[in-house]
Amino acid sequence: METSLGDEADWQGISTRLVELQYSRSEFEFKRGTFRIRGNYLDIYPAYEDFGYRLQEEGGIISKISKFDPLTGVETHSNESLQNTVIYPAKHYLMDPAVFKSAETQIRRDLKLESSQLKKQNKLVEAGRLIRRVNYDLEMIKEVGYVNGIENYSRYFDGRKPGDPPYALIDYFTKTYLDNFLVFIDESHMTVPQIRGMFNGDFSRKKTLIDFGFRLKAAFDNRPLKFDEFYPSIPHFIYASATPNEWEINSAITEHKLKTKNEKIKGIYRGVVEQLVRPTGIVDPKIIIRPARHEVQDLLGEIANRVKNKEKILVTTLTKKIAEDLSEYLKDRKIRASYLHSDIKTLERSDILDNLRKSEFDVLIGVNLLREGLDLPEVSLVAILDADKEGFLRSKTALIQTMGRAARNISGEVILYADEITNSIKQAVREIERRRKYQLEYNRKHQIEPKTVYKPVREKIIGQDEAFLIQDRTKITYSDDLLDLIKKDSLTPYDLKKTVSRLEKEMKKQAEDLNFELAIKIRDKINQLKDPRL
């Protein structure tokens, strides 16, 4: 839906169109995918934006289009009016009535067939469940154009046959650019297996739903691409990884041999290219292997030596529980430590890594996140506990990736705590030593003096003084700036009541924390919001 300055301010017509686009009207709870009408203006909160659009009416036409903060109601650019705005649907799937009629016939035919099959298997409960579910979905689509789970019927709407691959972004490139586009797969040792595994995981989940009568078999066709469908559709690949798997290496070599038979493109495909030289001249870290029997006590001494030099330490464990317990153990010994694992929310992980670089603590303990992609120049020691426990976390690939976290500092070292030298350790150490030798020879030949990487700590994406926490918009971190933004005239009676209730709780909390200045400011804001004269 496109709206421009000067258009007729037909709130009824605009509301009808928004409902067709799967937006719902909500005067009390303004959230993504809703709109509201307040006198001479209409607010829209798109499902895909962090801000809302406000259409203002004057003299029967739209006189102003602006963006505003959905929480506070304050316009983000008070003196700036947009010339037009386009509102996209709130849902991915919107159904054309003409297409639905054709699809409904096929869906009901498959429903009759599959419910009969379930009854023959004496699955009467499952058959009844399937009939109720599909009939409900069809009625919802017919009446409002959408139902939760509509994507499970996508094969009927797309006109695909059972088993046909779903449409994906790759189809756009193959049809638009034919063979003239290139796909980079970063960290291919992890990404390629994930591409292989996506279909199997989705199929397993859908099979359970279908077996118990929650979905038609057509749900199988709303799926990720199989690897055999994805791989042939890409004309050119570049795999990038510090630890490529045998599959990528063999594929690159085979591809090289096949492609160079064509004289027109001979020389484009290089097979496997190693890029071992670092422009900083830093060599891969020294590898030290020590017994695991007293690994924690030995680690305490190593930490003390690094902390004296204001250097940082990464420690990898086998489980989350060990990471948390070791962190507490170090803290009890006055060592500034923290842990990082998958239970910690994504945005918090970045802050923890930044806090390590800013010297708010010295030791970071993790399980599987301290590997690919981490760039921490301040880290001079990586300690790998229980390195001889062969498996996914202590494979050759995992060890090399973890060792690489100490390759940004000229003093970088890796300590492997192991009572037995496993094949993975042998292979990982051999590879790191090969890379060290190559870089040392290059430095000698070109008279390069290695230098530690220095880079600034990134600014936070979202600061505490912004209006709310991303994970839950109802939890607000208050500050002076936020209090100033809260305006009574921008809140509905319902929102005003909720805001006052939150402020009262926050005021008591700040008082309990002895932050009396902020508590007083919150009290004044509460009184201002409650004042009937304002």
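**Note on salt bridges and helix contacts**

1. Arg205 has a relative accessibility of 48% and therefore counts as partly exposed. The structure discussed here is a predicted model. Asp202, in contrast, counts as buried, because its relative accessibility is 12% and the cut-off for buried is under 20%. Both residues belong to helix H6, and being three residues apart they are separated by about one helical turn.

2. Asp137 and Arg215 form another salt bridge, their closest N and O atoms lying 3.2 Å apart. Asp137 is in helix H3 (residues 124–144), while Arg215 is in the loop between helix H6 (188–211) and helix H7 (227–230), so this pair ties together parts that are 78 residues apart in sequence. Are these two residues buried or exposed? Asp137 is buried at 1% relative accessibility, and Arg215 is buried with a relative accessible area of 9%.

3. A further salt bridge joins the side chains of Asp50 and Arg32, at 2.8 Å from N to O. This pair links distant parts of the chain, 18 residues apart: Asp50 sits in the loop between strand S4 (41–45) and strand S5 (52–58), and Arg32 in the loop between strand S2 (24–25) and strand S3 (34–38). Asp50 is exposed, with a relative accessible area of 57%, whereas Arg32 is partly exposed at 38%.

4. The count of salt bridges comes to 39. Some residues are linked in a network of salt bridges: Arg290, Asp298, Glu302, Arg306, Glu311 and Glu413.

5. The next points concern helix pairs. Two packed helices are described by the angle between their axes and the distance between the axes. For helix H9 (residues 295–308) and helix H10 (residues 320–332), the axes come within 12 Å and cross at roughly 55 degrees. H9 is therefore oblique to H10. The crossing is right-handed. Val296, Gln297, Leu300 and Ile303 of H9 make the contact with Leu326, Tyr329 and Leu330 of H10. By class, these are six nonpolar residues, one polar and no charged.

6. The axes of helix H12 (residues 396–403) and helix H13 (residues 423–446) come within 8 Å, with a crossing angle of roughly 40 degrees. H12 and H13 are therefore oblique to each other, and their crossing is right-handed. On the H12 side, the contact uses Lys396, Leu399, Ile400 and Met403; on the H13 side, Ser424, Ile425, Gln427, Ala428, Glu431, Ile432 and Arg435. The residues of this contact divide into six nonpolar, two polar and three charged.

Terms used
Residues numbered from 1 in each chain as written. Predicted model: local features only at pLDDT ≥ 70, side-chain atom pairs only at ≥ 80, totals over all residues. Heavy atoms only, no water. Axes fitted to C-alpha atoms, helices over the stretch in contact; angles between N-to-C directions. Helix = DSSP H or I, 4+ residues; strand = E, 2+ residues; numbered from the N terminus. Parallel < 35°, antiparallel > 145°, perpendicular 65-115°, else oblique. Left-handed = near helix turned anticlockwise from the far one by under 90°. Contact = heavy atoms within 4.5 Å. Nonpolar A, V, L, I, M, F, W, Y, C, P; charged D, E, K, R; others polar. Salt bridge = Lys/Arg side-chain N within 4 Å of Asp/Glu carboxyl O. Buried < 20%, exposed > 50% of the residue type's maximum accessible area, 1.4 Å probe, protein only.
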